[in-house]
Structures are given as C-alpha cells and as structure tokens.
Amino acid sequence: MDQRRPPRGKIEFTRNGDKLEVCDDQPDGLRAVAYVINPDGTQRYGIAASGSGNCTDRDDSDGSRYNLNENKRYTFRVCLDENEDGSGDDCFCQSRKWRAGAG
C-alpha cells in the first residue's frame, strides 16, 4: 500500500493585515498556486510558490488588490500547477472560506 501523501500545497490566511501565504510543501515538480475569490465569485488575485519548502506571501501593504473588505467572506483556493502558463491545468485543488478583517 502506498503511504505517500497526495500532492498538495498549503495556504494560511491571517485576518489582521489580510496576509495570505502559499507554500509548496512537496518535491513533486508542481508549483503551489493560491487564489483569492471575491464574495461575488470573481477572482481577486493569485500568487504562487515553486519548489519544496518555498513560500510566497502577500498582505494589505502590497497594494489595494491585497486589501480585502472588512467582514466579507472570501474563498481561498490552493491548487498545484504543472506548467506555470496559466492554462487552467490546476489540479488537487482545495478551498476554504475565511472572513477578512481585524481578528
């Protein structure tokens, strides 16, 4: 029986400062990508981390698109991407909802 974990990336969200961090936590040749989806379903922004153990983050000090509206629920989606060309080949996706605002 194969005891390996399925390939995946990891995201963390900190309400105070709207900090989103995406980490690529497996040496599988894929990069981890994270997307923030507005309450209306449109994509607000995406970030990526490549290479096992590498992380990338953004927060509200990085500009207006990263400053989320207080007390609104956003969907945070993390996926793995094979070729980094934005062609929609994301796989192994997981989503969570978090409320923005001071925590």
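Is Cys93 buried or partly exposed, and at what relative accessibility? At 31% relative accessibility, Cys93 counts as partly exposed, where buried means under 20% relative accessible area, exposed means over 50%, and partly exposed lies in between (1.4 Å probe, protein chains only).

A word on the ground rules. This is a predicted model, in which local features need pLDDT of at least 70 and side-chain atom pairs count only at pLDDT 80 or more, while totals for chains, interfaces and linings use all residues. Residues are numbered from 1 along each chain as its sequence is written, and side-chain values use heavy atoms, with hydrogens and water left out.

On to the cysteines. A disulfide is a covalent bond between the sulfur atoms of two cysteines; here the term is applied to a pair of cysteine sulfur atoms within 2.5 Å. Searching the whole structure turns up 2 disulfides. Counting bonded cysteines along the chain, the pattern is 1-2, 3-4.

One of the disulfides ties Cys23 to Cys55, with an S to S distance of 2.1 Å. This pair bridges distant parts of the chain, 32 residues apart, with Cys23 in strand S2 (residues 19–24) and Cys55 in strand S5; strands are DSSP runs (E, at least two residues), numbered from the N terminus. The torsion about the S-S bond of Cys23 and Cys55 is about 110 degrees, so this disulfide is right-handed. Cys23 is buried, at a relative accessible area of 6%, whereas Cys55 is partly exposed at 40%.

Cys93 has Cys79 as its disulfide partner, and their sulfur atoms sit 2.1 Å apart. Here too the pair links distant parts of the chain: Cys79 lies in strand S6 and Cys93 in strand S7 (residues 91–99), 14 residues apart. With a torsion of about 115 degrees about the S-S bond, the Cys79 and Cys93 disulfide is right-handed.

What about Cys91, and how far is its sulfur from the closest cysteine sulfur? That closest sulfur belongs to Cys93 and is 7.0 Å away, so the gap is too far for a bond. Cys91 is partly exposed, with a relative accessible area of 25%.

Glu70 falls in the loop between strand S5 (54–58) and strand S6 (73–81). Its relative accessible area is 48%, so Glu70 counts as partly exposed.

Terms used:
Helix = DSSP H or I, 4+ residues; strand = E, 2+ residues; numbered from the N terminus.
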